[in-house]
Amino acid sequence: MLRKYAKNTEYFMRVFFADEDGMSVFYDPKASQELVYTRFRNVLRQGITVAGRTFEFLGFSHASLRCHQTWFMAPFLHDGSTIRAKDVIRDLGDFTNIHCSAKCAARIGQAFSDTIFAVPIPSTALVSETKEDVERNGRCFSDGCGTLSLELLQKVWRALPPDRRDKRPTVLQIRYRGAKGVLSLDTSLKGEQLYIRNSMTKYIATEEWNNLELCGAAYRPQKMYLNHQFIKILEDLGVASQNFISVQNEARNMLENVIKHPLNAASFLGESLFPVLLSVKLRLT
């Protein structure tokens with residue numbers, strides 16, 4: 001939204017719903033819940049007046065909702081027309097086929113996701129928003145994952161911040177028009193090509209906003225935890241149970257060795273606590 005109306009950003013406001021002390025609002029059985037909800041409801045319905053402008057509720061992303069934050073906006077003139085919150089939502093796309101209010105709010109919230117930057121998609125690029133998903137034996141192996149060519153990915157690399165430009169990630173978390181998900185490099189694609197899977201398209205966008213919005217990228221390898229869901233999937237694919245038991249025994253033996261000698265305990269604590277202490281130090285500095 002802020003990129004689309006870059007000349008009118010002063011009419012947008014991010015609001016944080018908090019307690020009197022500035023902290024997040026938590027449930028308090030001693031407080032009047034009706035009083036709290038009435039206060040919030042009035043703000044969302046009637047808006048907030050600041051410096052002579054009345055800001056009305058606009059929308060929120062899934063992440064901002066968890067932090068009790070949302071976006072408000074005040075009416076402004078754009079190309080000779082008055083733009084209000086309902087006009088901004090209407091221009092995003094067609095939501096008439098979504099009858100669940102929570103789902104509709106989540107789809108609208110895609111436009112309010114925090115994105116690092118946007119990369120314009122050239123008009124000469126081959127873009128498909130209806131690529132079929134890869135399905136085998138009743139399972140979908142490409143849910144939420146599209147592809148792009150190396151030439152188009154190189155444009156994304158050049159647009160990255162200088163400190164991340166040399167990382168050259170090949171997997172991107174994106175928002176594009178009515179689609180969300182990830183894009184991965186497909187070296188078989190020639191020229192500038194972008195393919196959006198059917199599973200990525202959440203609503204039909206009506207606006208001509210051809211910017212590839214980046215929420216994040218795979219700058220470094222991430223840890224993978226063998227949880228219950230992964231084990232279930234691998235078992236369904238034919239992986240023997242003995243393999244999981246071997247991994248579990250190895251982890252248990254490592255923990256048992258930690259308590260057998262002080263040096264083992266010191267090494268374990270150093271590996272576990274050093275990343276946390278480093279993060280705290282960086283925040284403090």
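**Ground rules**

I number residues from 1 along each chain as its sequence is written. The model is predicted, so I require pLDDT of at least 70 for local features and 80 or more for side-chain atom pairs, while totals for chains, interfaces and linings use all residues, and side-chain values use heavy atoms, with hydrogens and water left out.

Helices (H or I, at least four residues) and strands (E, at least two) are DSSP runs, numbered from the N terminus.

**Entry 1: the seven-stranded sheet**

I looked up the strand order. The sheet is open, and its seven strands run β8-β17-β13-β14-β12-β15-β9 with mixed pairing. Two strands count as paired if DSSP finds at least two bridges between them. Strands β8 (117–120) and β9 (126–131) stand at the edges with a single partner strand each, so one side of each has no neighbour in the sheet. From one strand to the next the twist averages 30°. Helix α5 (residues 150–159) packs on this sheet and touches β8, β12, β13, β14, β15 (193–197) and β17. Its direction makes about 140° with that of β8. Contact here means heavy atoms within 4.5 Å. Axes are lines fitted to C-alpha atoms, for helices over the stretch in contact, and angles run from 0 to 180 degrees between N-to-C directions.

Next I checked the pairs around β14. Strand β12 (residues 145–148) pairs with β14 (residues 179–185) in the parallel sense over four bridges. There Gly146 stands opposite Leu183. Strand β13 (residues 171–176) runs antiparallel to β14, and six bridges join them. Val171 has Ser184 as its bridge partner in β14. The β13 and β14 hairpin has two residues between its strands, and Arg177 takes a positive phi near 55° in this hairpin.

Is Glu213 buried or exposed? It is buried, with a relative accessible area of 11%. My cut-offs are under 20% for buried, over 50% for exposed and partly exposed in between, with a 1.4 Å probe and protein chains only. Glu213 lies in strand β17 (residues 211–217). Its side chain makes a polar contact of 2.4 Å with that of Arg3. A polar contact is a pair of N or O atoms within 3.5 Å; within protein, one must be able to donate a hydrogen and the other to accept it, and residues adjacent in sequence count only if both atoms are side-chain atoms. Beyond four places in sequence, the contacts of Glu213 include Thr115, Phe117, Gln173 and Ile174.

Ile174 has 0% relative accessibility and counts as buried. Leaving out residues up to four places away in sequence, Ile174 touches several residues, among them Leu183, Met200, Leu212 and Leu214. Ile174 and Thr115 are 59 residues apart in sequence, with 8.2 Å between their C-alpha atoms.

**Entry 2**

Strand β3 (residues 53–59) pairs with β4 over three bridges, and Phe57 stands opposite Phe72 in β4.

**Entry 3: positive phi**

Most residues other than glycine have a negative phi. I noted two exceptions in loops. Ala51 has phi near 55°. Ala51 sits between β2 and β3 and counts as exposed at 81% relative accessibility. Asp79 also has phi near 55°. Asp79 sits between β5 (76–78) and β6 (81–83) and counts as exposed at 71%.

**Entry 4: helix α6**

Asn227 caps the N-terminal end of α6 (residues 228–236), with a side-chain oxygen 3.3 Å from the backbone nitrogen of Gln229. Just after α6, Gly238 takes a positive phi of about 100°.
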